[in-house]
Amino acid sequence: MKKSTLLILYLMPVLLVIWFVAAFSVNVPFRDQWALVPIFDKVTAGTLTFRPFWALHSNHRIPVPKIIMTILAFISHWNINYEICFSIFLSLISFGILYKISETTAKGVSARLFHLTNILTCLLVFSLVQEENWLWGFQLAWFLINLCVILAVYWLNKKSQISAKMRIFLAGIFCFVASLSSAHGLLSWLAIIPSLFALEGTVKEKIQRLLGWVSLWVALLAIYTINYHPKNANYKIDSLREEPFLPFHYFFSLLGAPIVRLPIVSAVIGLVIFSGFIGIVVYVIKVIKTSQFKFVPITELTPWLSIGLFSLLCSLAITIGRVRYGVEQAFESRYTTTSLLLIIAFVQIFNILNFKKSKKIQLLLT
């Protein structure tokens, strides 16, 4: 394919989002954004401390997004469009890093198949199904957390002269930023474990890294929960007793919502995606046990396993926290920003495995 054609195909989803926000965004603070006004007052008065940034916001600690939005507000005289543009900027970087990861993990794949996979990835990253997050600048935290997870995965799987310790340190920084951007950012530490374990080193070193990583996560959780008094924490389980399959319906609907938002159809699609991803995980475990690394090196799969695992963990956390509102609530577009990562991971892994399988068949025939 000509470079100009490829460039157009890659730019189309980005330009579509830019047109969408230009056409439908409104430069007016909305809902949660008004909670920033006291911070602005303190900045103006010169009495600002870290406490307002650390304070709970709807059961989340979001100091990093608050700091970013405060800076943007004073630069732009609180033009909300700056926050929206920042979300698009974060997504551009996310796709760029996903593309770099794909270059590393899809070696040998034909150029046509490689670009087809990444054009689909681009369509997913900039999908308009995330309309609420695109149009509401306050939601930049969702894009920021996705970027932090992707960057952490990138550095852990990057083959370079940088030492393993430095790569782990960089990954830890990104997970730390994700954790202070919203509660689901805390799950990044668990999602990164496959990539962490895939780092070069002896079994003893891998175990030591894992223990150190989990210890840091536990310490951060302890700090996070200091004076943590969430609102509406008393969940009503009466409806769950009447509908025991409701959590499963909600969970699979979350996974399928980026493709279609119909109660039954979405759940079926979500189940298919979930089953496919779990099947890949089982395959990887089987390969590890049998040490059959000849055709499918585990290092080619672990980046996408971590990204997909993060999406699954987020969907599980959302299900636990929101299932009481009913399945219809699973179709809110804000949640698709993390659900899309599972589909991206599935597409990228399918591309790798499909190529490796074809290559293996060719070698056997010859």
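The predicted structure holds 25 aromatic pairs, where rings of Phe, Tyr and Trp (its six-membered ring) are paired if their centres lie within 6.5 Å, and planes under 30 degrees apart count as stacked, over 60 as edge-to-face and the rest as tilted. One of these pairs joins Tyr10 and Phe95: the ring centres are 5.9 Å apart and the planes stand at 45°, so the pair is tilted. Tyr10 belongs to helix 1 (residues 3–24) and Phe95 to helix 5, so the pair ties together parts that are 85 residues apart in sequence. Helices here are DSSP runs (H or I, at least four residues), numbered from the N terminus. Both Tyr10 and Phe95 are buried, a term that means under 20% relative accessible area, whereas exposed means over 50% and partly exposed lies in between (1.4 Å probe, protein chains only). Trp134 and Phe143 form a stacked aromatic pair, with 4.6 Å from centre to centre and 25° between the planes. Trp134 is buried at 0% relative accessibility, and Phe143 is buried with a relative accessible area of 3%.

The model is a prediction, in which local features need pLDDT of at least 70 and side-chain atom pairs count only at pLDDT 80 or more, while totals for chains, interfaces and linings use all residues. Residues are numbered from 1 along each chain as its sequence is written, and side-chain values use heavy atoms, with hydrogens and water left out.

Aromatic rings also take part in a cluster, in which ring pairs link Phe50, Phe53, Trp54, Tyr224 and Tyr228.

Helix 4 (residues 63–76) gives the most to the nonpolar patch, with three residues. Tyr82, in contrast, is placed in helix 5 (residues 80–105). The relative accessible area of Tyr82 is 40%, so this residue is partly exposed.

Charged side chains form five salt bridges, each defined as a side-chain nitrogen of Lys or Arg within 4 Å of a carboxyl oxygen of Asp or Glu. In one of them, the side chains of Glu103 and Lys100 meet at 3.6 Å, N to O. Both residues lie in helix 5, three residues apart, about one turn of the helix. Glu103 is partly exposed at 37% relative accessibility, and Lys100 is partly exposed at 39%. A salt bridge also joins Arg167 and Glu200, at 2.4 Å, N to O. This pair links distant parts of the chain, 33 residues apart: Arg167 is in helix 9 (residues 164–179), and Glu200 is in the loop between helix 11 (193–197) and helix 12 (203–224). Arg167 is buried, with a relative accessible area of 3%, whereas Glu200 is partly exposed at 41%. The side chains of Arg334 and Glu332 likewise meet in a salt bridge, at 2.9 Å, N to O. Arg334 counts as buried at 16% relative accessibility, while Glu332 counts as partly exposed at 25%. Glu132, Glu332 and Arg334 are linked in a network of salt bridges.

Helix 16 (residues 302–322) contains 21 residues and reaches 30 Å from its first C-alpha to its last, close to the 30 Å expected at 1.5 Å a residue. The expected span is 1.5 Å times one less than the number of residues in the helix. Of the 21 residues of helix 16, 16 are buried, so the helix is largely enclosed by the rest of the structure. Glu300 is found in the loop between helix 15 (263–290) and helix 16, and is buried with a relative accessible area of 11%. Glu300 and Ala198 are 102 residues apart in sequence and 9.8 Å apart in space, C-alpha to C-alpha.

Conventions
Helices (H or I, at least four residues) and strands (E, at least two) are DSSP runs, numbered from the N terminus.
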